[in-house]
Amino acid sequence: MNKIVKKPRSIEGVFRLPPDKSISHRVALFNAIAGGSAQIFNYSTSLDCQSTLACLTQLGASIESHTTPNQQHNIKIHQAVLNETSKLLDAGNSGTTLRLLTGFLASQPFSTTITGDSSLRKRPMGRIIEPLTKMGANISGESNNTLAPLNISGQQLNGIEYYMPIASAQVKSAILLAGLFANGKTIVHQPLASRNHTELLLASMGASIVVDDLTVSIESKGKLQACDITIPGDISAASFWLVAGTIHPNAKITLEGVGANPSRIQFIETLQAMGARITINPYTHLNQQEPVCDLTIESSELHSISIGRELIPGLIDEIPALALAACFAEGTSTIEDAGELRFKESDRIKTTVSELSKLGATIRELPNGIKISGKPTLDGAICSSHGDHRIAMMTAIAGLLSSGETIVQEAESASVSDPTFWHRIDEIQSS
Ligand code: S3P
């Protein structure tokens with residue numbers, strides 16, 4: 001599907017963004033393996049989170065879905081024992097589904113094969129197979145056990161102490177889920193902090209989990225207790241609208257009910273450091289320890305920024321949005337130590353640089369990063385999403401900020417995380 005985007009005279013409005021993808025995956029999986037029933041309000045309808053529900057249902061989970069008249073999607077998960085399925089599990093485009101489920105399935109008394117689409121089958125799985133194998137797991141994959149499909153033959157696992165070579169919430173979560181069913185204690189040391197939704201949720205469901213700075217330990221302690229939760233709006237989906245509101249010369253946008261977990265707000269802080277006028281209005285109640293806020297963004301003048309190793313894990317999904325903002329910021333911005341971007345749904349260093357170059361940006365690839373010299377305008381062009389949802393959204397928002405007409409090819413990829421994205425873009429252009 002091709003979509004055409006043009007710069008509107010203004011961008012104004014109050015938007016409610018899609019539910020957080022990372023929290024939705026975890027809430028579904030952890031409740032499916034818990035004792036009791038859970039009511040989950042505002043579950044993500046993204047294709048990725050639907051892949052998680054489909055895999056869990058295939059494994060025997062009992063999940064009811066209900067959409068309210070105001071289009072909120074709620075699910076109810078009843079207690080069930082997950083068990084063997086003769087069919088291949090398909091995680092679609094979702095790395096979180098595949099990696100977290102593998103961590104759980106490694107310890108279960110049955111065998112499974114899990115795969116994904118052509119993008120996911122190219123993404124590195126050695127990073128989970130290696131620690132899980134140290135715990136006693138029996139997992140084999142393509143290309144010398146580095147790629148999906150993965151064949152998982154469930155085993156009794158033993159806890160390990162593991163020093164993670166990369167900061168990754170997916171890898172950390174896979175190990176912690178395996179540790180939940182292993183003999184003894186599992187200790188994970190992270191090189192840098194990554195998003196902590198797994199730790200918060202497992203703790204609130206009664207797991208024996210201890211977080212000490214960058215070290216997380218977990219021990220098996222009976223079944224998790226199901227818990228009700230309302231999923232907040234997705235801060236990563238919000239990042240594109242923060243850029244639209246900041247860069248467009250005539251913008252004022254409010255984003256309601258956005259998740260503001262401290263491990264996810266680095267992008268807001270980075271844009272503010274560049275000069276963005278963003279106001280954060282926190283909600284007073286906590287939702288299973290996941291804070292929520294409203295964000296208001298107004299047209300701003302940005303200056304360049306340089307970011308490196310320490311900040312990358314907290315910004316990992318927001319770098320395409322940050323690169324777009326830097327195209328309009330005064331001065332030269334550099335993003336370094338971001339080699340992990342090469343292992344996302346596309347090689348996001350390459351795809352970000354190639355698509356923004358088409359729009360006339362002064363941008364180039366570094367070995368593990370991106371260098372961008374800001375200028376006042378970009379010019380519409382024909383861009384491709386490369387089948388990557390975040391590149392689809394980056395090019396569409398670039399179209400709202402560029403002169404002329406921008407065509408986004410393979411635009412449907414946005415639904416991997418935000419099925420409402422194009423509706424919002426169409427609404428802005430018709431107002
Ligand atoms: C995610 C973790 C990140 C992120 C991905 C979602 C998660 O991946 O890029 O979109 O939900 O745990 P890594 O853990 O591989 O960095």
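Which residues does Asn31 touch, not counting residues up to four places away in sequence? Before I answer, a word on what we are looking at: this is a predicted model, in which local features need pLDDT of at least 70 and side-chain atom pairs count only at pLDDT 80 or more, while totals for chains, interfaces and linings use all residues. Residues are numbered from 1 along each chain as its sequence is written, and side-chain values use heavy atoms, with hydrogens and water left out.

So, to Asn31: its partners are Arg26, Ala38, Ile40, Ile77, Met205, Ala226 and Cys227, where contact means heavy atoms within 4.5 Å. Asn31 sits in helix α1, residues 21–32; helices here are DSSP runs of H or I with at least four residues, strands are runs of E with at least two, and both are numbered from the N terminus. With a relative accessible area of 0%, Asn31 is buried, the term meaning under 20% relative accessible area, as against over 50% for exposed and in between for partly exposed, with a 1.4 Å probe and protein chains only. A polar atom of the Asn31 side chain lies 3.0 Å from the backbone oxygen of Val27.

Leaving aside neighbours within four places in sequence, Glu355 is in contact with Cys383, Ser384, His386, Ile391, Met394 and Thr395.

Let me turn to helix α13, residues 389–401. At 1.5 Å a residue its 13 residues should span 18 Å, and the end C-alpha atoms are 19 Å apart, which agrees; the expected span is 1.5 Å times one less than the number of residues. Asp388 caps the N-terminal end of α13, with a side-chain oxygen 3.0 Å from the backbone nitrogen of Arg390. Because 13 of the 13 residues of α13 are buried, the helix is largely enclosed by the rest of the structure.

That brings us to the nonpolar cores, each a set of buried Ala, Val, Leu, Ile, Met, Phe, Trp, Tyr and Cys residues joined through side-chain atoms within 4.5 Å. The largest has 73 residues, and those with the most contacts inside it are Trp241, Leu255, Leu324, Leu356 and Ile397; α13 gives the most to this core, with 9 residues. A second, separate core of 64 residues includes Leu98, Ala137, Ile209 and Ile231. Trp241, for its part, touches a set of residues that includes Phe15, Leu17, Ile397 and Phe421.

Finally, the sheet. Three strands form an open sheet in the order β1-β23-β22, with mixed pairing, where two strands pair if DSSP finds at least two bridges between them. The edge strands, each pairing on one side only, are β1 (3–6) and β22 (382–384). Between β1 and β23, residues 405–409, which run antiparallel, there are 4 bridges, and Val5 stands opposite Thr406 in β23.

How values were computed:
A polar contact is a pair of N or O atoms within 3.5 Å; within protein, one must be able to donate a hydrogen and the other to accept it, and residues adjacent in sequence count only if both atoms are side-chain atoms.
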